[in-house]
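Please read this report beside the sequence and the coordinates.

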Amino acid sequence: MNYSYTILILLLPVLIFLFIGLMGDKMKPQLSGLLGTSGLFVITLLSYFTAFNFFDHRVDESFQAIEVFQLLWLRFTDSLIIHIGILLDPLSVMMLVVITTVSLMVHIYSLGYMKGEKGFARYYAFLSLFTFSMLGLVLATNIFQMYIFWELVGVSSYLLIGFYYERPSAVAAAKKAFIVTRFADLGFLIGILILSFYTNTFDFIALTDLNGLAITQPTTAVFMGLSVTTWAMLLIFMGGAGKSAMFPLHIWLPDAMEGPTPVSALIHAATMVVAGVYLVARLFPLYSYTSPDSLEVIAYIGSFTSLFAAIIACTQLDIKRVLAFSTLSQIGYMMVALGVSGYGAEGLGYMASLFHLFTHAFFKALLFLGAGSVIHAVHSNLMTDMGGLKKYMPITHITFLIACLTIAGIPPLSGFFSKDEILVAAFEHNKIIFAVQWLVAGITAFYMFRLYFNIFWNHTPEYHHTPHESPATMTIPLIFLALASVFSGFVPFHDLVTSDGNPLHTEFHWMIAGPSILIAVIGISVAYMLYAKKNSKPESIATSLKGFYNMAYHKFYIDEVYLFITHKVIFYFISRPVAWFDRHIVDGTMNLIGNTTVYFSGAIKKMQSGQMQWYIWYFTSGVLLLVFLVMYLN
Amino acid sequence: MTGPKIIFFILAAAIVVFSILSIFSRRILRAAIYLLFVLVAMAGLYYMMNFQFLAAVQLMLYAGGIVVLIIFSILLTSQIDSKLQAPKGSHLLAGGITAIAGIALSAITILQFTFKPSQENAVGTDMRTIGLQLMNTDVQGYALPFEVISVLLLAALVGSIFIAQKKKV
Amino acid sequence: MNLQAEIPLDYMIVLSTIVFFVGLMGVLIRRNLITMLMGIELMLNAVNINFVAFNHYLFPNRLEGHFFALIVMAIAAAEAAIAIALIINIYRQFNTVSVDDVDELKY
């Protein structure tokens, strides 16, 4: 197969970005939107074509990674060379499909949602930039190229979160997202450097080759009780945790909801936040063979994050924040699945994680876009301002309900299958984690239906103007994503995307599926009792659990802890002394040198009097003095 | 005292005295005339050293050209009977010290050094020899400096016209 | 005429030294640009005496000093022409030929 056309998948979005970015002001806003959307449509078709071709060609029952392009970019030493290229393997092709599909839906949806907004062209330019960065990230052939696109993704996320830059909260959220992920990327970079120092390569294929040096002969160096490889893998995971908003680097994601809602759907639900999962999956053989300890860490962090975020999500009132915490929780699931997975025949968790990534992208994008549709109609983010919308917005209502059922894990919707695989994988590996994830599944069902009932049922508040269904540009993506949410569970994922490229044999366990359906139904029922009609039970429960409720409502004060550490500890004990040293010692030295120079210049500048005869005199008497010195004082 | 010696001392005295007068005179036109005397006396010196052509050029160029030019510019820029300002004390002191120290240093150095007079036969300094050498490109030929100086003179001609012309403002 | 026997070379050079430094002093003490130019002419002439005297006393078999003096004269003529053009321009600009008043280019 010739895959050289895949270069277009990378080139088109960047060209569109440049074109809209440079020319956006000069054309009609709608035109730039249509241009971006149609460009992305082409990219989506190309991606589907690529996926179809790739998954259609097996070599000995398995999929082989293909490096379509490999251009030499930088040469540090003979062994440490950085390439730029395009890598196709089941993982990256699957991500291609996810990214382009969700991105296309978001592009179409934004035509309606962002209509008439100031900076419409800028919005589409940034969307294209983001799509380009994300596609580059998943197509990277080596970890360094990935890092570059990783940062580009961070930048475009920053730009899109701060899209409403007149709002101080949006600016603060954009800065927060950028700084937190950037801080995590510092760990990523150090991890890359350590890893490449010991393995002498950046290349993914070389790094993850089971017979390669990186896996067969890992370094034996030990640092602070842990092997250096484990350190490197943990540091790389830190970068992934930053992008994927794992505890304790999750604080930026809820705030990132300040961006336009379609952006939240694209970046903060479906694509960018799963970059961390993608990263771990990409280096999975390395994790699995050289550093199982770090996988264990990943599993526990993922598990904790999913529980933690699920509890917080139950108390939030801003519907986008509920969805943000739900995203955290679901990414926690994916991390758990990766953490409990083995390689090859035991790679159920790996497959389940990516399956969940796949299905989650659709139903979470659907949830966000649905929420956007509701916000568009009600002009508020708070669920207290909503209620009874099901009769005003039928399409949004049905699609949102489908998404809620999907995330709750009701068969035969897609979320059921992927979540079930994760639970099976967790059950086989670690019973405690399984129990936690099982509980989280119930909580998820509860908070999602709390959200659903509060928006579409419950009592109807007095709206300023009657809410109405969104335009077709917004409902069509909703319907499409709803269909995807329903049917993506039937994709034979275990045949396609597995840790070693070979088909994986999976079984359906009623022992696991039964209880998970049960707890989902319990969660939904509890939500129905509390929120389907207006009553005082939620308040009374909140009052009875006052302390815990308040903590969860305030997101367990993690932001405050960060503020305390940064403002009080770091600012006072590190930054202030450093600043003092800089202002008084470093600047002082420089000022002293400068002032001395100025003083002496002032003293001798009088010689530059403009009186030519004195210049002549200095010159001639100087010559005479020199002659005298040379001739008579030797 | 022989004839040449007497002539030399007369010329030397004239040169020194008139040059000093030229720089100390407060009437600028007189200073120019004193300069003329110095230049004429120098022409005599060249003549004594058997460089008749050079003496003639000295008279034509300096006495006839440069001094006249200077006098023109004096007439252009100042009144004939106006007196120059007396030199400033500080300038006088600085200049005097430099001049006397320079003369002393140079004279001592020169007088300590013994020159060896050449025993070679003198070449003729008639017009034919000078003309041949000036237009020659051999070892003793000066065609290149001659051509270069002609370009320099042309440049100076154009440049001085350009500088001195009235700007069309 | 055997000048070498009558007048040693030292005389000539000391004479040129005196004229040179008198010219220098003229440049240093006189504030009128034209008198300064005259001082410069004196210095150039002093140098010419040196060339001619060295030629005559030390290298009579060649004419290098002679030609050098000739070229110095040509350059002096060019220099005088340029200097006077400049002086006239300065006079137009500042309405003076006193070098003290032409001190725009300073700190």
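## The interface of chain A and chain B

Between chain A and chain B an area of about 810 Å² is buried, and carbon and sulfur atoms give 72% of that area; buried area here is the accessible area (1.4 Å probe) that two parts lose on being put together, summed over both. On the side of chain A, the residues that lose the most area to chain B are A:Trp614, A:Leu624 and A:Tyr632, which together account for 57% of what that side buries. Ten residues of chain A are in contact with ten residues of chain B, where contact means heavy atoms within 4.5 Å.

This is a predicted model, in which local features need pLDDT of at least 70 and side-chain atom pairs count only at pLDDT 80 or more, whereas totals for chains, interfaces and linings use all residues. Residues are numbered from 1 along each chain as its sequence is written, chains are lettered from A and ligands numbered from 1 in the order in which they are written, and side-chain values use heavy atoms, with hydrogens and water left out.

## The interface of chain C and chain B

Chain C and chain B bury about 7200 Å² between them, with 77% of it on carbon and sulfur atoms, and the contact takes 73 residues from chain C and 86 residues from chain B. The count of salt bridges between these chains is one, and in a salt bridge the side chains of B:Lys88 and C:Asp100 meet at 3.2 Å, N to O. Twelve residue pairs, both residues at pLDDT 80 or more, are in polar contact between chain C and chain B.

On the side of chain C that touches chain B, the elements that give two or more residues are helix H1 (3–6), helix H2 (9–29), helix H3 (33–58) and helix H4 (64–94) of chain C; helices are DSSP runs (H or I, at least four residues), numbered from the N terminus. The largest share of that side, 22 residues, comes from H4(C).

## Aromatic side chains in chain A

Over all chains the count comes to 44 aromatic pairs, for which rings of Phe, Tyr and Trp (its six-membered ring) must have centres within 6.5 Å, with planes under 30 degrees apart counted as stacked, over 60 as edge-to-face and the rest as tilted. A:Phe247 and A:Phe308 form an edge-to-face pair, 5.0 Å centre to centre with 65° between the planes. This pair links distant parts of the chain, 61 residues apart, with A:Phe247 in the loop between helix H9 (228–243) and helix H10 (252–255) and A:Phe308 in helix H14 (residues 292–313) of chain A.

A:Phe308 is buried, with a relative accessible area of 7%, whereas A:Phe247 counts as partly exposed at 23% relative accessibility; buried means under 20% relative accessible area, exposed over 50%, and partly exposed in between (1.4 Å probe, protein chains only). One aromatic cluster is formed by A:Phe400, A:Phe449, A:Tyr452, A:Phe453, A:Phe456 and A:Tyr528.

Terms used: Salt bridge = Lys/Arg side-chain N within 4 Å of Asp/Glu carboxyl O. Polar contact = N/O pair within 3.5 Å; in protein donor to acceptor, adjacent residues only side chain to side chain.
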